[in-house]
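Student: I am new to this structure and would like to learn how to read it. Could we go through it together?

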Amino acid sequence: MIVADKKPIDEIIGQIKDYKNILILGCNECVTVCEAGGKKEVGVLASTLRMHAAKEGNDIKIDEKTLERQCDPEYVEEIRDSVDQYDCIVSLACGVGVQFTAETYHGTPVYPGVNTCFMGATEKRGLWVERCQGCGQCILATTGGICPVARCAKRLFNGPCGGSTTGKCEISKETDCAWQLIVDRMKSLNTMDEFEKLSPIKDWSTDRAGGPRKVVREDVQQ
Amino acid sequence: MKIKTPSKLEKILAAGHLAVTSECGPPRGSDPEAIVEKAQLIKDHVDAINITDNQTSMTRMCSLAACIRLKMLGLEPVLQMVTRDRNRIALQSDILGAASFDINNILCLSGDHQSFGDCAKGQNVHDIDSMQLIQTVRQMRDEGKFLGGDEIKRPPQMFVGAAANPFADPYEVRVPRLAKKIAAGVEFIQTQCIYNMGKFEQWMHEAHDRGLTEKAYIMAGLTPMKSVGMARYMKNRVPGMDVPDEVVKRLADTPKEKQAAEGIKMCVEQIQRLKEVKGLAGFHVMAIEWEEKVPGIVEEAGLYPRPQVD
Amino acid sequence: MRLTYPSNIRIIRVPCTGKVDVLHIMRAFEKGADGVCAIGCLEGDCHFNSGNLRARKRIEQVQEILQNIGLEPERAHMYNLSSAEGPLFAKYATEFTEKIKELGPNPVRVKNKQQAA
């Protein structure tokens, strides 16, 4: 899923200070699972902003709504009839949802209510970790199913650097060395002879480096 | 091994001499004298001088410019180049720039992570890794071709080196990784600073057994300790550094004012011991901000005068 | 056991303090409560293992939110006691009421009233 984290409340207050009618718009997908932008977080944020406004003597109206997804047109369309009531929208979806909502409603300012962080997984509740950077050409087959692009701080393709210490990365004792994980996994899969194969220079044109990307599937288009 | 470049370092190694290199860190400013002065201190006692490339990710004068300064003095620089800060365009371009000044040695590195330096909020590049940089230089030199396939007019003539750290984890890939660098085309290796002699000898033994010392020149990296404080810092704070307790203890048991001399003595003893290691091709003495001590170490260790080659 | 405790406290019974969510507490403040305390079982004695520990974390989250918007974090509080400790309940209720009185009314409620008037 796409993992997001809450934005500091000060920052959101700063963004919306000139507006009276505000819609807090959540998303029922990834940001719900990572507890940053689902229905509950919409409620807490709305409540917080109302209390802040009341305390400051500002007269504002805040509505709450959570869409099934903000990254699909049919769901974003659901607020079409009511959107004109609002001076702005604070979207708690990931950066994709914020943009999709903004593109759909040109006349309404849309502010991000979360910081979109990465593609990751839930290691345990309250601990989300990065696993993929969407480079567009998956190499997991050659690295024991562990990605050095996403998990090595230097995205090395040919083994651990000299900073790997007792399984941890040189950047932090809390960060696993991706290549230690790869080596451990290759050992348990009995594929260590693969380790000495040189990894070819990567084609980054399918990565962010190649400009905004698209997946076009004519076979499923209507 | 056959000589492939005009590099003086390569000639010395190929002649079977124990080579001696050292390194200078460029200044955090634009004064050329800073690098010239350091080089003057050591030039008669070493065969080549590495110029570090923004080591520990602290922004400094670029390695290439400092190498050119050395070249202008008639010295033999080793251009260190990290993949952290440059994409493949910049790397190839800088290699050509260096080659235009007939800089004949390059050390291919990935570089310390930028979070250690003064631009912790910056991006890193890592378009290719150190292994692939070795391949890149070899392709440019031997095939006379850019990565993109086009022909290079007057290809670079560089003796290609890389680092190796026998002390990092996981240990079991440390010799295979050396083999991989050699397969990528590396011709000389300068190791991480050695303090754990037993572990280094073990690594060298394994490398020798695999025939790797016949395929690349391996130079032992040494950094004399200035004080027990430095030893403790290296032990506890520097990633991938293996400083055994007895090294710390020996310095701790030495009165403070004599610790620097003891550190030098320990370094000389290490060189004497390592001379016996099969397959070892030389020494890389990295006296960090202590260049003036290099001549004494080289002399004490019986590595002076340096051989002359043409 | 006839114990007295302040009459201005409104008790909301829940099966476990683990049922109390950040949102419930926020809504209470938003509607004008001057203080909210969760009273759970003793730590280590939760019938559902960790309900009271979760409640404590949620109270802490609310305290942080209150602080961030310039309200006194002490308006939210967590107490723990066993069901056999009636007198302690009364003591905590009195203590919390006194503390909230010192802080004064919830400024949100004051504003809401002014606006209504």
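Tutor: Gladly! Let's begin with burial: a residue is buried if 20 or more other C-beta atoms lie within 10 Å of its own, exposed if 12 or fewer, and partly exposed in between, with C-beta atoms placed from the backbone. Helices (H or I, at least four residues) and strands (E, at least two) are DSSP runs, numbered from the N terminus. This is a predicted model, in which local features need pLDDT of at least 70 and side-chain atom pairs count only at pLDDT 80 or more, while totals for chains, interfaces and linings use all residues. Residues are numbered from 1 along each chain as its sequence is written, and chains are lettered from A and ligands numbered from 1 in the order in which they are written.

Student: Why is helix α3 of chain B largely enclosed by the rest of the structure?

Tutor: Seven of the ten residues in this helix, residues 63-72 of chain B, are buried, so the rest of the structure largely encloses it. Among the buried ones are B:L64, B:A66, B:I68 and B:L70.

Student: Which elements do the buried residues of α3(B) pack against?

Tutor: Contact here means that the C-beta atoms of two residues, placed from the backbone, lie within 7 Å. The buried residues of α3(B) pack against α2 (32-42), β2 (48-51), β3 (77-82) and α4 (88-100) of chain B. After α3(B) comes B:G74, with a positive phi near 85°.

Student: Is B:A34 buried or partly exposed?

Tutor: B:A34 lies in helix α2 of chain B. It counts as partly exposed because it has 19 C-beta neighbours inside 10 Å. Its C-alpha atom is 9.6 Å from that of B:A66, 32 residues away along the chain.

Student: How do the strands of chain B close into a barrel?

Tutor: Two strands pair if DSSP finds at least two bridges between them. In chain B, eight strands form the barrel in the order β1-β2-β3-β4-β5-β6-β7-β8, with parallel pairing. Strand β1 (residues 19-24) pairs with strand β8 (residues 280-285) over four bridges, in the parallel sense. B:A19 stands opposite B:G282 in β8(B).
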